[in-house]
Amino acid sequence: MRTEEIIEQAVEGLGFELVDFETSPKGRLLRVFIDGPNGISVDDCANVSNHLTRLFAVENVDYDRLEVSSPGLDRPLKKLGDFERFAGHEAHVRVRVAIDGQRNFAGLLGGLSEGKVLLTTDKGMIALDFEQIDKARLVPKF
């Protein structure tokens, strides 16, 4: 079982969502970003960290440092369901292949339609293929 699968299974078992997982180039640092229906507290991060530390010892996962945190206000949108869940929120989206000479878009998420991510920009609504999305993040509101 891959490290990411071990982490995802453990995090979901604790009642949280694995938003993102990053490793350093040599895999010595593991960064885990979690979220929950009511947000994430410092205690939640500590509980997940303690659980993963024990689990990694059992699963022989080799690492030097583990960081567990919330995804932040500018949460990355990684899964298809994220675009549905955060419909009505503002987002920045970068696509892999330019559309009419443009790769970066900003606008209001409109959910999904036929597997495409809907985004209302200042030029109107566009439908983006999920597979073509390189990076997407929510825009924090203050």
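This is a predicted model: local features need pLDDT of at least 70, side-chain atom pairs count only at pLDDT 80 or more; totals for chains, interfaces and linings use all residues.
**Entry 1: terms and model**

Residues are numbered from 1 along each chain as its sequence is written, and side-chain values use heavy atoms, with hydrogens and water left out.

**Entry 2: the chain**

I found three helices and eight strands in the protein chain, taken as DSSP runs numbered from the N terminus (helices H or I, at least four residues; strands E, at least two). From the N terminus, I read the order as α-β-β-α-β-α-β-β-β-β-β. The C-alpha atoms occupy a box of roughly 50 × 30 × 30 Å along the principal axes.

**Entry 3: the largest pocket**

I looked up its volume, which is about 250 Å³; a volume here is the space filled by probe spheres set on the grid points, joined across faces, edges and corners. Of the 14 lining residues, Leu77, Lys78, Asp134, Lys135 and Ala136 lie nearest the centre. Strand β8 (133–138) and strand β1 (17–23) each supply at least two lining residues, and β8 gives the largest share, five residues. By class, I recorded six nonpolar, no polar and eight charged residues in this lining. Ala, Val, Leu, Ile, Met, Phe, Trp, Tyr, Cys and Pro count as nonpolar, Asp, Glu, Lys and Arg as charged, and the others, Gly among them, as polar.

**Entry 4: α1 against α2**

I then examined α1 (residues 3–13) and α2 (residues 42–59), which pack at about 135° with axes 11 Å apart. Axes are lines fitted to C-alpha atoms, for helices over the stretch in contact, and angles run from 0 to 180 degrees between N-to-C directions. In contact (heavy atoms within 4.5 Å) are Ile6, Ile7, Ala10 and Val11 of α1 with Val48, His51, Leu52, Leu55, Phe56 and Glu59 of α2.

Definitions and conventions
On a 1 Å grid over the protein atoms alone, a cavity is a set of points where a 1.4 Å probe fits but cannot get out, and a pocket is an open set with protein on both sides within 12 Å along at least five of seven lines; lining residues have an atom within 4 Å of a point.
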